[in-house]
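Here's a quick tour of a protein model, written for someone just starting out. Have the sequence and the 3D view open as you read.

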Number of protein chains: 2
Amino acid sequence: MNSFTPTPRTRVVRHAERGVYDREQIYSILDEAFICHVGFVADGQPYVIPTAYGRADDRLYLHGAAANRMLRSLAQGVDICATVTLIDGFVMARAAFRQSFNYRSVVILGKARLITDPAEKTAALRCLTNHVVAGRWEEVRPPDEKELAATSVLELPITEASAKVRSGPPLDAEADWPRPVWAGVVPVELATGEPVPDTHLLPGIPDLNLDRFGR
Amino acid sequence: MNSFTPTPRTRVVRHAERGVYDREQIYSILDEAFICHVGFVADGQPYVIPTAYGRADDRLYLHGAAANRMLRSLAQGVDICATVTLIDGFVMARAAFRQSFNYRSVVILGKARLITDPAEKTAALRCLTNHVVAGRWEEVRPPDEKELAATSVLELPITEASAKVRSGPPLDAEADWPRPVWAGVVPVELATGEPVPDTHLLPGIPDLNLDRFGR
């Protein structure tokens, strides 16, 4: 199935033309971003917590300390929403009403499941680690038993999902074009700076190739 | 009052040393970021939606189309959570368990109120517009009556809030130091690219000063 079926909960209503249900496009957004914002309800109060994630096929993995309040809530199988957002540009219009952002965001609704199988848990942690930098799992020390026990890993099936995407220039009405102000798009992206080596780095270790963060 | 009083809902429990309640520091995070993720519950399902915002004193402003599902939900005075996250770096450790991000995030809990007073609404829209680029409101066409009527603006009082901040190097155990892999921090920030002028830009308009996006 190459597209998600929009549900009343995931169908994009405002600016319906920005709604994206194509699986490949949604996965490319998930693979490009670094963190998601997870929404859940505890004691009647909604919380939104930023957290790392990884994706393998149609599964999103989340993790955290086993004692973590969010993880414990999510592991109970409550309804959650995981949202991933990339800001692509500032849309500078000539009218305040038309100021906007270019962005790509994905919303996933569902229930998470605590992963208990050790092999599955290790594979999910590998996915989470390599999401940030491809191949990182293969060069660092894997978790020992104590570290594994202290970590909870959750799987959120990606079954009810949609994206919303805005791109392109400001949408000023023609009557506003003569206004003497700069209008257009200022692209933005997350950029890496100069790496700061750890104090205890072994001598002779080559620099990290920053292309490994590229998407 | 220079600090927020942590409540059972906003006190940082995991990595309590990363909890920040200082008002000035929390506001500086809010003033630096560009979007927030708003969590609310509709028909029993939590949703997390990325949206623009502005801050004036101890008030956060949100806005959107008056017909927008989220705005209509929020205007009913439901419990919401507004979360703002800045990613500052990738923390590359020698152990998978110690991989991390440097980040600054703010969580605000409360109920939003629909702004109906016209002057207050205009001031809030000015705050929202100038949050992205200082002075932008003063150079663009302000909303006309029809545009104002099509826009809902909400105020979320910043009364129950906290931040969580991680900074600094990886926290590998000394036993892992000899591992022959690069470790340290790769700083990241949102960077602007080459502006793309609108097709209908008037001739002779000077380029936008990108420093105006700087924080």
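## Around A:Ala95

A:Ala95 sits in the loop that links strand E6 (79-92) and strand E7 (100-111) of chain A. Helices (H or I, at least four residues) and strands (E, at least two) are DSSP runs, numbered from the N terminus. This is a predicted model, where local features need pLDDT of at least 70 and side-chain atom pairs count only at pLDDT 80 or more, while totals for chains, interfaces and linings use all residues. Residues are numbered from 1 along each chain as its sequence is written, and chains are lettered from A, with ligands numbered from 1, in the order in which they are written.

Is A:Ala95 buried or exposed? It counts as buried because it has 21 C-beta neighbours inside 10 Å. (The cut-offs: buried means 20 or more other C-beta atoms within 10 Å of the residue's own, exposed means 12 or fewer, and partly exposed is in between, with C-beta atoms placed from the backbone.) Skipping neighbours within four places in sequence, A:Ala95 is in contact with A:Asp172, A:Asp176, B:Val140 and B:Arg141; contact means that the C-beta atoms, placed from the backbone, lie within 7 Å. A:Ala123 is another story: it comes 28 residues away along the chain, and the two C-alpha atoms are 50 Å apart.

## A sheet in chain B

Now look for an open sheet of four strands in chain B, in the order E4-E5-E9-E8 with antiparallel pairing. Strands count as paired if DSSP finds at least two bridges between them. Strand E4 (54-56) and strand E8 (113-114) of chain B are at the edges with a single partner strand each, so one side of each has no neighbour in the sheet.

Strand E5 (residues 59-65) and strand E9 (residues 151-157) of chain B pair in the antiparallel sense over seven bridges. Within this pairing, B:Leu60 has B:Leu156 in E9(B) as its bridge partner.

How values were computed
Contact = placed C-beta atoms within 7 Å.
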